[in-house]
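Please open the structure in your viewer and keep the selection tool at hand.

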Amino acid sequence: MSVSVIAGLGNPGAEYAHTRHNLGFWLVESLAREAKATWRPEARFQADVARAEIAGRAVWLVKPQTFMNDSGMALGPFLHFHKLPADALAALYDDITLPIGRIKITVRGSAGGHNGIASLLAHVGTNFVRVKLGIGSKSHPEMDLKDHVLSRLSPDEEAELATRLPDFLSGVRLLITDGPDAAMNRLNQRSLSPKLSTKPTTSPSHG
């Protein structure tokens, strides 16, 4: 089954818009802008949904509005309604084990302490694609993890993400057209050279 649902994980509300935990929202919103897709609320799924054409393929873009820790309560019913298996889903989300600007794609695995992924495992299954976006580790060991993931990105970090956005978008397009293995082979590196894309950059924003 090819990937046909791209879900960005995050928390709804302006107060969370520029936090590390919302990088999934940021990337799926960037995909929607590039595709000129329009978001609409879908109360039955507790999600905002957009239909988009990306790399010549029709896909669903989804932003669960359940808050991060209950992401599966939106995506489970969405996949069930559209009669799609777990491996049709790619979840975009923040990862503390990767530095800002890194992206890594995996298939299967544990939640790794990420409550949004734990919710997907409970409500969707195990075979969905994970698109991990680095947010960096805690600034000091004693810092509460919640405080770290809900902290705002610094201007330098936002600039780094803006620089890397074309690569991220190209990586998702590759995932859609060529599948997880090809995307993993191309993206799961410390650096990407030559650039996957030369499209103009856009600073992280949400809407």
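Begin by selecting G72, A74, L75, G76, F78 and L79, which are the buried residues of helix 2. Please bear in mind throughout that this is a predicted model.

Next, display what surrounds these residues. The cover over the buried residues of helix 2 includes strand 1 (5-8), strand 3 (47-54), strand 4 (57-64), strand 5 (89-95) and helix 3.

Two packed helices are described by the angle between their axes and the distance between the axes.

Move to the end of helix 2 and select K83, just after the helix, where phi is positive at about 55 degrees.

Then select strand 4. Is strand 4 mostly covered or mostly uncovered? Strand 4 is mostly covered, with six of its eight residues buried.

Strand 4 also has partners to display. With strand 1, strand 4 pairs in the parallel sense over three bridges; select V5 and find W60 of strand 4 opposite. With strand 3, strand 4 runs antiparallel, and eight bridges join the two; A47 has P64 in strand 4 as its bridge partner.

Finally, select A55. This residue lies in the turn of the hairpin that strand 3 and strand 4 form with two residues between them, and A55 has a positive phi of about 55 degrees.

How values were computed: Residues are numbered from 1 along each chain as its sequence is written. This is a predicted model: local features need pLDDT of at least 70, side-chain atom pairs count only at pLDDT 80 or more; totals for chains, interfaces and linings use all residues. Side-chain values use heavy atoms; hydrogens and water are left out. Buried means under 20% relative accessible area, exposed over 50%, partly exposed in between (1.4 Å probe, protein chains only). Helices (H or I, at least four residues) and strands (E, at least two) are DSSP runs, numbered from the N terminus. Contact means heavy atoms within 4.5 Å. Two strands pair if DSSP finds at least two bridges between them.
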